[in-house]
Amino acid sequence: MKKRIRRLLVVSVLMVFVSVCFSGLLQTSFGKVEIINFKLPTENGQWLSGQVFKPKQSSTEHKVPLVITEHGYLNNKHMQDLNAIELSRRGIAVMTFDAYYHGKSSSASEPVMQAVAANGVGMIPLVEFAYQSLDYIDNQRIGVMGHSMGGMSAWLTLMHYGSQYNAAIEKAKAPDSEGGETITDGEQAYANSLNKVAAGLSVGNIRLSSEKAFSQIRANMGIIYGQYDEGNYDLSQGNGDLSNNAAEGLFAVNSIFSEAERQMDFHVGQYYGDAGNQTLRVVYNPKQTHEWAHFSKETAAYTVDFFSHAFELSPQIANTNQIWIWKELVSFIGLLGIFLLIVPAAYYMSEIPFFKQIKFAKEQCGSIADTSQTEKSTKRVRVFWIGWTLNWIFSAVGVIVALNLDKVIFKSTSNFMSVKWFAQPITNYILIWAMFSSLVGAVLFIWKYKLEKRNNAELSMEQLGIKIGLSNIVKTFMLAACIFGIFFGIVYAAEYLLNVNFKFWILGVFTFSADKLGVWLNYLPFFFLFYLIHALFINKLSYSPIKSEKANSIVAGLGSVLGIVLINGIQYAVLFTTGNAFWQETRLYPMVLLPFIFLLFAAALISRSLYKLTGNVWLGAVVNTLIITMIGVANTATLTL
């Protein structure tokens, strides 16, 4: 075992090292881009946290365009890495940021949806800052873009500045203005100075496309909307296919034509208008879902194309030449590496004399399942598979229960209102699901325990690895805290040294601000109950007919995630066959569980491995609680007062 652990330690450390080094090279385009972290004070004591991807050739003498990009609701700035990488390597500076209520930024002075309308959840203050303060930016070529909520912010930011321009022009036409009803050059220049955004791109948000919206926009505008977007059901044609002259696309195209020139149809992907006079329009409609925009080479190519056209650039790098996908892949290697490191970290730390006591003697640490491998009967095998199947079926049922109870139990956060306790909407929803799953798991565990008790009247809490003594419980929590520190210590070191993170698509492990510790502690007791019952269920009274320990671990992992897979399988099977999602108004709920397919599978392997190491269920349960709860808390919206 020691040799295997040593090998795992070497492999996991190498994976992390290689990942960090190559991620750093790729996201800086091999040293051609500088990444600058910022924390910008805004109004009312608030602040915005983010990064600037600054091409190294940019300077006060060689100014470059800027794109400010915003993530969607429940995400953070790192979800825009692909756009930041691909635009910056083509000579466009990019500013990514955590919107108010997200990541390391503060709350806003108003509820989330009001903050979107008032300031683009931080996008408008950043436009003002960049326009006035960044001397290497060509402030006549500032663009905005975003995904989902960020796409809405892009719309509203364009409308904000366009409305200021329109108001100045109307004032200039007044008889008592400087030139009377004639607009003077000075009046025109003043109006132009108010319109600080030259281009905008909305990804995954097309609902605002209307005559009214475009009447307030004086900028080049692009739209990318997935044909299989889960929220497409309430568009003008009832689905996300824009190719049949959907009204949303026609509004965009016709916004640059006079009434007599209005088009009756438009072509997806075709550019209309002129970038020079800020009338450029294009609508893209890739065959992808809402979240796939974060992992789409097609969307990345469209983004590069749009801003190249909008800023009238001639990039030397083809739009299909993309390196962000390699950054995602090597980052995923690091993500796997830090999870694999948990087991050797636990092993070597448990060898320290202070912690060694928590390991049971070899004859005590074997699970009942292990000691009864030769005693399997047809009945016991049947009970195993029945319990295993019921576990993930009820997990799927729990998702449906949670999406219906969330608006009842956590009414304020589900309606985007700020609260003091339980301030994370999606964590609240997952909490309901976890509590339902815990209840079902406890019932199944008791049922299986009673069945086994008939065969083994001496079955005790000690044999189950539950009763280990107060001193050992305290030491177990301390050891788990040390493992948590090692895990996130690596995450912090990677960010500090090379500004890199560990993510893949919508799954990510990120650093967090100090305020998240209080939120984390808020949720810990409830998720501890979930992971403790999870550990009991997969490690005790589980008489798998499979002799291989590796195969048993895989079966345990599958049992943990098949419920979520089933729910999302239904959601996307219906979406891809009919054009509309099965769950529509509640579409976010299945979507946000997708990262938990990885996390819960990993939790099962961690729980099983640490049980084999210590002979009790506590260490795995506590480690999973601390680490996975923080991963969720650090990577979603926090609607604090």
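Modeller: A residue counts as buried under 20% relative accessible area, as exposed over 50%, and as partly exposed in between. The model is a predicted one. Arg-7 has a relative accessibility of 46%, so this residue is classed as partly exposed. Arg-7 is located in helix H1, and on the surface it belongs to a patch of positive charge together with Lys-2, Lys-3, Arg-4, Arg-6 and Lys-550. Helix H1, spanning residues 2-27, supplies five residues to this positive patch, the largest share.

Strand E1 (residues 33-41) pairs with strand E2 (residues 47-55) in the antiparallel sense, and the pairing runs over nine bridges. Within this pairing, Ile-35 has Phe-53 of E2 as its bridge partner. Five residues lie between the strands of the E1 and E2 hairpin, where Asn-44 adopts a positive phi near 55 degrees.

Helix H15, which covers residues 378-409, provides the largest share of the nonpolar patch, with five residues. Leu-390 is placed in helix H15. The relative accessible area of Leu-390 is 31%, and therefore Leu-390 is also partly exposed.

How values were computed. Residues are numbered from 1 along each chain as its sequence is written. This is a predicted model: local features need pLDDT of at least 70, side-chain atom pairs count only at pLDDT 80 or more; totals for chains, interfaces and linings use all residues. Side-chain values use heavy atoms; hydrogens and water are left out. Patches are made of residues with over 30% relative accessible area and no salt bridge: like charges are joined within 9 Å, nonpolar side chains (Val, Leu, Ile, Met, Phe, Trp, Tyr) within 5 Å. Accessible areas come from the Shrake-Rupley method with a 1.4 Å probe; for residues, only the protein chains shown count as cover. A salt bridge is a side-chain nitrogen of Lys or Arg within 4 Å of a carboxyl oxygen of Asp or Glu. Lys and Arg count as positive and Asp and Glu as negative; His and the chain ends are not counted. The place of a charge is taken as NZ of Lys, CZ of Arg, CG of Asp or CD of Glu. Helices (H or I, at least four residues) and strands (E, at least two) are DSSP runs, numbered from the N terminus. Buried means under 20% relative accessible area, exposed over 50%, partly exposed in between (1.4 Å probe, protein chains only). Two strands pair if DSSP finds at least two bridges between them.
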